Amino acid sequence: MEGMEFGEYEGMSREELFKTLDSSEKGLTTAEAQERKKKYGVNQLVFHRKKSPYVMLLEEFKGMFPILLLISSILSFFAHILKPGEGYNLIGAALLGVVILNAAVSFIQRYKVEQLMQSFLDYIPKEVALLRNGDRKLMDAKETVPGDILLVQEGDKISADGILIASNQLLVDESILTGESEPVEKVAFGNHDDFSCEVFSGSTVMRGNATILVIKTGRSTHIGSISELSQTVERDLTPMQKELKLFVKKITYLALAIGFIFFVLGFVIGNTFWTNLIFAIGIIVANVPEGLLPTVTLALTQASYRMGRRNAIIKTILSVETLGSTTVICTDKTGTLTQNKLHVDRVYLDFKEIFAAAPWDFKKAPTADTMEEVMALCNEVVTAQDERGNKIFKGDPTEVAMAEFADEFTGYDKLSGLYELVGGKPFTPEEKYMYTTYKKNSSFYMTVKGAPEVIIERCTRVQENEAVTVLSPTEKRQLTETAERYADDGLRVLALAYSLADELPDKAEDLIFVGFVAMIDPPRPEVPDAVSACKTAGIKIIVISGDKAETVRNIARELGIVKDPRIIQGEELAEMTKEQLIQELQKEEIIFARTAPEQKLKIVDALKDMDEVVAVTGDGVNDAPALKRADIGVSMGLSGTDVAKEASDIILLDDNFATIVKAIQEGRAVYDNIKKFITYILTSNIPEIVPFIAYVLFPIPLPITVIQILSIDLITDILPAIGLGNEPPEDDIMVRPPRRREERLVSLRTFFRSYGIIGPVEAALSFMVFFIILYGGGWAWGQRLPETDALYRQAAGAFLATIVFSQIGNVNACRTNRQSALRHIARFNSWITAGILVETAFIFSIVYVPIFYVFFTTAPVDWKMWPVIMTAPLVILGVEEVRKWLVRRGVTPLSA
């Protein structure tokens, strides 16, 4: 029974149809319905499967970086067991705390989004009218089963797939399924070969009423199959995830390599196994940038928060950066580029074209008053008021468009109430026109509208310049050509006419032609600027729609997306191999029309095979599989279906396409800023690692302790790094082309800048201060100093202070990559300013407040040393300015 597919009923009689589905005109009995519910399940689609908070929290610990930090934490605890009192237990606890804190921040962001997703309602109505035991009953939509008789009327959402067994002027909006903006005429089974008798779950009745024999429910419906398809699509790692994964690999291999080298080297110089192991662990831990993970998470979370204030919900924080690296946007048309509402674009009267954007020209037209009357009188729209008291129009979308147009001038209510209604004929798919007849003085006034070819054929006269004249064959050809031109431009065209008779007419003939009304689903007003910004940023836009080619092309041209595009329709796309599709996608301008959901997926896959970073926007069920497969899926919050919202990474709460451009700008800034603070954080690794190496190789005191390293990574470096993560976008950010896939977040040049230039300078400055204090205090080369020695503590504290002050110069240098940072220093950044104040206060506190001496291995530093220490930021800034000057002159190997 439910195995019956659409199309299998062709050739059947009405009785055979009911027999095949084991149903009847009276519907099912309660017992039959219960049996089928057990067999086929409830009529329900779960678009968003609720996630356990515990599972969500555990998922935060499975990334490579958290795992690396957890391993470092375990090694630190192990080192503490081997050599207690060295502070390794504190490092282990701190690293564990970093992982937990980061997981908490990310979990809270994801949990908020999860709660939002749970608040969205399913796209299935809650209550429906069914025939049960021969009686009409209002029941929960979940109770609908195959074989049920479902009754629908204007405004209802259809709750199951089925076949119409009775209908009255039924017009259905299937845009969420097909992407087509125009509602579809439907007729009862066996009544007309040219119109469909099939209806689908999730679509909306725009006009009329119908009786439906249900054949599919729940996940077996068309909307259910698309939902299942979107859930089986696998999502790739985001570009940022790939880059961070690669970076973690690099830093892990580097740490392990250095640790192993010095573990072996320790044996050469005569150290014991345990001494070598402890130092190897210390070097590995020193190489791991502990502050990087929370800094990246906070930077992305803050970017997500900023996007939230712009009505964009970021479901996964890494999505912000992914959108910034987008090279291609594949966008749906209906509801995304357009308003999903018909609007009068232009009218044709007195053999002249007048655009709706020029209402003054319309009012000056001699036939304008007559056209307004016909628009309002030959119209079944009713007016009402919304909750705020604003007038709203209810009815067929084409009639609503004409009613709103007439309301802008004389007023729809005034015009529609001018005369007494005495008769009429509704629109039918077979005859393609309708008329209404009114009593006007002593005459009968018939107003008519319909398909241009039908109305023109029924007209014998035309109203032009306030006169009614015979409609000549030449004028008929002109009208026909005009209507065809409008249709070719993707406009929906209706012809208007009227007649005056002494007796009540029963046929629409011998009519007087008035004009054409050409309608379109208009573009969103903010989209053209957004399109222009995307093009300037080097981002290609491809429109993929289920609508007809002419309409898609017209909208794309009007928005400035294309001029003379290659148009590929669904039938042609179905015949293409992936190689052929990739060849077509390399063309500068291309659009797709009449596409099915699986074909959108095919397009996205082909683009990803071309190494493009693909963003897909959409709001319909038909968009969901492609939304999930894309690198970044963007759904519409107001008009979007639950399926689309679940499949997407970003939800635009205001359905504003222009918000995407702001998100791209935010994403590019995030990438730039993450690169800046990684460069900043990596630099301090060298003055942290070199002391351990020097301690193993030379007979000197250890210049920096593990606790001091931890204080740099988790206290003094954090706020400035967050500040770099919050730098405003640079002026040229939306003028640059998208970054290449092969461009690394942390390149060899970044390592060279941090580990080969600035890091060694910081280490050299710190060692200089360290030895000045040691030698000034009477220390001799090779002399051992215990940790309790005041001279050693003073030198170690000064070493730490020099690194901290060097990082002050480094954070300001990192505010730019190629350009001079001097003019950027004056630009206020609250995080960087707060960071500098905190680290300055911190270093003076641990050096001059006795309570911190033992824990941080410090002692008061002679005030005469501070001028030397405070020159460190100037030296670092100066070295960086020289490097950037060389870079700008083409010495590119020095570029970060």
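## Ground rules

This is a predicted model, where local features need pLDDT of at least 70 and side-chain atom pairs count only at pLDDT 80 or more, while totals for chains, interfaces and linings use all residues. Residues are numbered from 1 along each chain as its sequence is written, and side-chain values use heavy atoms, with hydrogens and water left out.

Helices (H or I, at least four residues) and strands (E, at least two) are DSSP runs, numbered from the N terminus. Two strands pair if DSSP finds at least two bridges between them.

## The eight-stranded sheet

Let's start with the open sheet: eight strands in the order β8-β26-β25-β24-β9-β21-β23-β22, with mixed pairing. β8 (312-314) and β22 (566-569) are the edge strands, each with a single partner, so one side of each has no neighbour in the sheet. On average, neighbouring strands here are turned by 20° against each other, direction ignored (axes are lines fitted to C-alpha atoms, for helices over the stretch in contact, and angles run from 0 to 180 degrees between N-to-C directions).

Inside the sheet, β9 (residues 328-331) pairs with β24 (residues 614-618) in the parallel sense, over four bridges. Thr-331 faces a threonine there, standing opposite Thr-617 in β24.

## Helix α18 and what covers it

Helix α18 (residues 527-536) has Val-527, Ala-530, Val-531 and Cys-534 as its buried residues (buried means under 20% relative accessible area, exposed over 50%, partly exposed in between, with a 1.4 Å probe and protein chains only). Seen down the axis, these buried residues of α18 fall within an arc of 100°, so they line one face of the helix; the arc is that of the directions from the helix axis to the C-beta atoms.

What covers them? The cover of the buried residues of α18 includes β9, β21 (540-544) and α25 (658-683), where contact means heavy atoms within 4.5 Å. After α18 comes Gly-538, with a positive phi near 80°.

## Nonpolar cores

A nonpolar core is a set of buried Ala, Val, Leu, Ile, Met, Phe, Trp, Tyr and Cys residues joined through side-chain atoms within 4.5 Å. The largest one has 160 residues, and those with the most contacts inside it are Phe-247, Phe-516, Ile-561, Phe-677 and Ile-678. α25 gives the largest share of this core, 14 residues.

Leaving out residues up to four places away in sequence, Ile-678 touches Phe-247, Leu-292, Leu-745 and Val-746. Another core, of 28 residues, lies apart from the largest one, and Leu-21, Val-128, Leu-151 and Leu-164 are among its members.

## Aromatic pairs

How many aromatic pairs does a search of the whole structure find? The search finds 30. Rings of Phe, Tyr and Trp (its six-membered ring) pair if their centres lie within 6.5 Å; planes under 30 degrees apart count as stacked, over 60 as edge-to-face and the rest as tilted. Phe-393 and Tyr-412 make an edge-to-face pair, at 6.0 Å centre to centre and 75° between the planes. Phe-393 is in β13 (residues 391-394) and Tyr-412 in α15 (residues 412-416), 19 residues apart, and both are buried.

Phe-767 and Phe-799 also pair edge-to-face, at 5.2 Å centre to centre and 80° between the planes. Phe-767 lies in α29 (residues 748-776) and Phe-799 in α30 (residues 790-813), so this pair ties together parts that are 32 residues apart in sequence. Phe-767 counts as buried at 13% relative accessibility, and Phe-799 is buried at 0%. Both belong to a cluster linked by ring pairs, along with Phe-698, Phe-770, Phe-771, Tyr-775, Trp-779 and Trp-781.

## Strand β4 and its partners

β4 (residues 161-173) pairs antiparallel with β7 (residues 204-216) over 10 bridges, and Val-172 has Val-205 in β7 as its bridge partner. Two bridges join β4 to β6 (residues 198-199), again antiparallel, with Ile-163 partnered by Glu-198. β5 (residues 184-186) is joined to β4 by three bridges, antiparallel too, and Leu-171 is partnered by Glu-185.

Most residues other than glycine have a negative phi. Asn-133 has a positive one, near 60°, and counts as partly exposed at 39% relative accessibility. Asp-350 has a positive phi of about 55° although it is not a glycine. Asp-350 lies in the loop between β10 (343-349) and β11 (352-355) and is buried, with a relative accessible area of 6%.
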